[in-house]
Amino acid sequence: RDALHEKVRKAREEVNQIKTERDTLNEKVKQLKQQRDAVRVNVAPIMAEVNALNEKIEAIKKNLPRINYRQAKKELEELEFKIATTTVDIQEEKRLVEQVKHLEIQLSGFKKIDAYHKKIKELLEHRKTFDAQADVYHKELTEYAKKSQDLHAVMMDKLNTIKKDRTEADALHQSFIKAKEQNNQIYDQIRLL
């Protein structure tokens, strides 16, 4: 019984050490989660800005005709060349100048869209850095969480062993008490005799 009690005491010390180590790991996991979440919080405003830029792009596209930038630029160059090289009456010149203005407005829209696309690309690159940093924190916290779970499993095994050893020690003690009582009864009979 005493040997089992000593074994239980040593196992209890080991469990306390494991518990301390596990709690330290859990604290690291908690800190890493906070760091990861703090990094991820930075992603929301970036994505809100990306969505706002996409909406602006869609609004501009609604007002643009179904031609692309190159076509509009080519038409503008042809009209400018025509205005510069040919002589036309005032009505025709006004019409051509109006077409030039219209094409310049379209090209301006295309340039805005292009600028918005560049800005979106920059924002998404910036987001990638946050995502990468969050992934590093997540990977690290996953490792610590796994170690913590492993330590917890070892601790539970030791606690089960302690429980089993205590039960065995209690059973041995009960057997000892029972044997001592039987012994006392025999001594009482001997004294009586």
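Analyst: What follows starts at the patch and then widens to the rest of the protein.

This is a predicted model, so local features need pLDDT of at least 70 and side-chain atom pairs count only at pLDDT 80 or more, while totals for chains, interfaces and linings use all residues. Residues are numbered from 1 along each chain as its sequence is written, and side-chain values use heavy atoms, with hydrogens and water left out.

The patch first. Glu75, Glu77, Glu78, Glu80 and Glu104 form a negative surface patch. Patch members have over 30% relative accessible area and no salt bridge, and like charges are joined within 9 Å; for nonpolar side chains (Val, Leu, Ile, Met, Phe, Trp, Tyr) the limit is 5 Å. Asp and Glu count as negative, Lys and Arg as positive; His and the chain ends are not counted. Each charge is placed at NZ of Lys, CZ of Arg, CG of Asp or CD of Glu. Accessible areas come from the Shrake-Rupley method with a 1.4 Å probe, and for residues only the protein chains shown count as cover.

Helix α3 (residues 69-85) gives the patch its largest share, 4 residues. Helices here are DSSP runs of H or I with at least four residues, strands are runs of E with at least two, and both are numbered from the N terminus. Glu104 sits in helix α4 (residues 90-192). Glu104 counts as partly exposed because its relative accessibility is 40%. The classes are buried (under 20% relative accessible area), exposed (over 50%) and partly exposed (in between), with a 1.4 Å probe and protein chains only.

Helix α3 also holds Gln71. Gln71 is partly exposed, at 42% relative accessibility.

Now the salt bridges. A salt bridge needs a side-chain nitrogen of Lys or Arg within 4 Å of a carboxyl oxygen of Asp or Glu. Side chains of opposite charge can pair when their charged atoms come close. The structure holds 13 salt bridges.

Helix α4 carries Glu92 and Arg95, 3 residues apart, about one turn of the helix. Their side chains meet in a salt bridge at 2.5 Å, N to O. Glu92 is partly exposed at 23% relative accessibility. Arg95 is partly exposed too, at 41%.

Arg191 and Asp188 also lie in helix α4, again 3 residues apart, about one turn. Their side chains pair at 2.7 Å, N to O. Arg191 is exposed, with a relative accessible area of 63%. Asp188 is partly exposed, at 43%.

Arg22 and Asp23 form another salt bridge, at 3.1 Å, N to O. Arg22 is buried, at 12% relative accessibility. Asp23 is partly exposed, at 32%. Glu6, Arg9 and Glu13 are linked in a network of salt bridges.

Last, the overall form. The protein has 4 helices and 0 strands. From the N terminus on, the order is α-α-α-α. Along the principal axes, the C-alpha atoms fill a box of roughly 150 × 20 × 20 Å. The radius of gyration is 41 Å, whereas a compact globule of 193 residues would have one near 16 Å. That radius is taken over C-alpha atoms, and the globule rule is 2.2 Å times the number of residues to the power 0.38. Of the 193 residues, 22% are buried.
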